[in-house]
Amino acid sequence: MRVTLFDYGAGNLHSLAKALATAPGVDVRVQEDPLRALDTDVLVLPGVGAFGSAAARLAPGREAMRKALDAGLPCLGICLGMQLLFDESDEGAGQGLGYFPGRVTRLTARQVPQIGWNDVEEDRALESAKLASVYFAHSYACRAADPSDVVGWTTHEEDRFPASVRRGKVLGVQFHPEKSSRAGVCFVQAFLKEVAP
């Protein structure tokens, strides 16, 4: 199974690539071209960087990528990658993929960014890999226009926001599974197994 990390030039993808490669029969590659990234079995939008610069890198392939997701291409969006699945962000200019309707806004909390472990409430993202506590590192959160897209919640101080969203084979998580110990790696493996062609 070919798994492609779309690299928007924002950071070290090593730990995520390593977590993906633990799944049996997976060939992980990194691609900077958003159109070439679609020649894959599973697309992964990684979780490091700023929305504006990532949206700019995504822009040349935005329409094609959205059509591919609509047509059933499995996709895992992590942290910033989840935010790129939404329409827009207060963090920066540019358009996300708009696969999930809604906007990304700054956390309404005294302590921003949220860095560290937190609980996932009402986790329905993957029935075979339930998560309790996972690792977050972010200043912005997705505000889903359609609550039925939300398959897990979390709360930082008084701000409650989606920990995960899902529709079909497209899953977005605000946390970092690759930094969430063994349970996070099992979560990644379970997603790849579920969407395998």
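Me: How many helices and strands are in the chain?
Reply: The chain has five helices and 12 strands. Keep in mind that this is a predicted model.

Me: And how compact is the chain for a protein of that length?
Reply: Its radius of gyration is 15 Å, close to the 16 Å that the globule rule gives for 197 residues, so the chain is as compact as a globular protein of that length.

Me: What box do the C-alpha atoms fill?
Reply: Along the principal axes, the box is roughly 40 × 35 × 30 Å.

Me: What share of the residues is buried?
Reply: Buried residues account for 53% of the 197 in the chain.

Me: Now the contacts. Of those between residues at least 6 apart in sequence, what share joins residues at least 24 apart?
Reply: That share is 70%.

Me: On to the strands. Which ones form the open sheet, and in what order?
Reply: Seven strands form it, in the order β2-β1-β3-β4-β12-β11-β10, and the pairing is mixed.

Me: Which are the edge strands?
Reply: Those are β2 (27-31) and β10, each of which pairs on one side only. From one strand to the next, the twist averages 20°.

Me: How do β4 and β12 run, parallel or antiparallel?
Reply: They run parallel, with four bridges joining β4 (residues 75-78) to β12 (residues 170-173). If you want a spot to look at, Leu-76 stands opposite Leu-171 in β12.

Me: Let's switch to helix α2. Which residues are buried there?
Reply: In α2 (residues 51-58), Phe-51, Ala-54, Ala-55 and Leu-58 are buried. They cover an arc of only 100° around the axis, so they sit on the same side of α2.

Me: Why would residues three or four places apart point the same way?
Reply: An α-helix has 3.6 residues a turn, so residues with that spacing point the same way.

Me: And what covers the buried residues of α2?
Reply: The cover includes β1 (2-6), α3 (62-70), α4 (80-83) and β5 (88-89).

Me: New topic: how many salt bridges does the structure hold?
Reply: It holds 13 salt bridges. One of them joins the side chains of Arg-110 and Glu-157, at 3.8 Å from N to O.

Me: Which parts does the Arg-110 and Glu-157 pair tie together?
Reply: Arg-110 lies in the loop between β6 (102-106) and β7 (114-119), while Glu-157 lies in the loop between β10 (150-156) and β11 (159-167), so the pair ties together parts 47 residues apart in sequence.

Me: Is that Arg-110 buried or exposed?
Reply: Arg-110 counts as exposed, at 74% relative accessibility.

Me: What does Arg-160 form a salt bridge with?
Reply: Its partner is Glu-121, and the closest N and O atoms are 3.1 Å apart. This pair links distant parts of the chain, with Arg-160 in strand β11 and Glu-121 in the loop between β7 and β8 (133-138), 39 residues apart.

Me: And what about Asp-159, which residue does it bridge to?
Reply: Asp-159 forms a salt bridge with Arg-143, with 2.8 Å between the closest N and O atoms. Asp-159 is in strand β11 and Arg-143 in strand β9 (residues 140-144), 16 residues apart.

Me: Is Asp-159 buried or exposed?
Reply: At 5% relative accessibility, Asp-159 is buried, whereas Arg-143 is partly exposed at 25%.

Me: Last one: which residues are linked in a network of salt bridges?
Reply: Arg-2, Asp-39 and Asp-41 are linked that way.

Notes: Residues are numbered from 1 along each chain as its sequence is written. This is a predicted model: local features need pLDDT of at least 70, side-chain atom pairs count only at pLDDT 80 or more; totals for chains, interfaces and linings use all residues. Side-chain values use heavy atoms; hydrogens and water are left out. A salt bridge is a side-chain nitrogen of Lys or Arg within 4 Å of a carboxyl oxygen of Asp or Glu. Helices (H or I, at least four residues) and strands (E, at least two) are DSSP runs, numbered from the N terminus. Buried means under 20% relative accessible area, exposed over 50%, partly exposed in between (1.4 Å probe, protein chains only). Two strands pair if DSSP finds at least two bridges between them. Axes are lines fitted to C-alpha atoms, for helices over the stretch in contact, and angles run from 0 to 180 degrees between N-to-C directions. The arc is that of the directions from the helix axis to the C-beta atoms. Contact means heavy atoms within 4.5 Å. The radius of gyration is taken over C-alpha atoms; the globule rule is 2.2 Å times the number of residues to the power 0.38.
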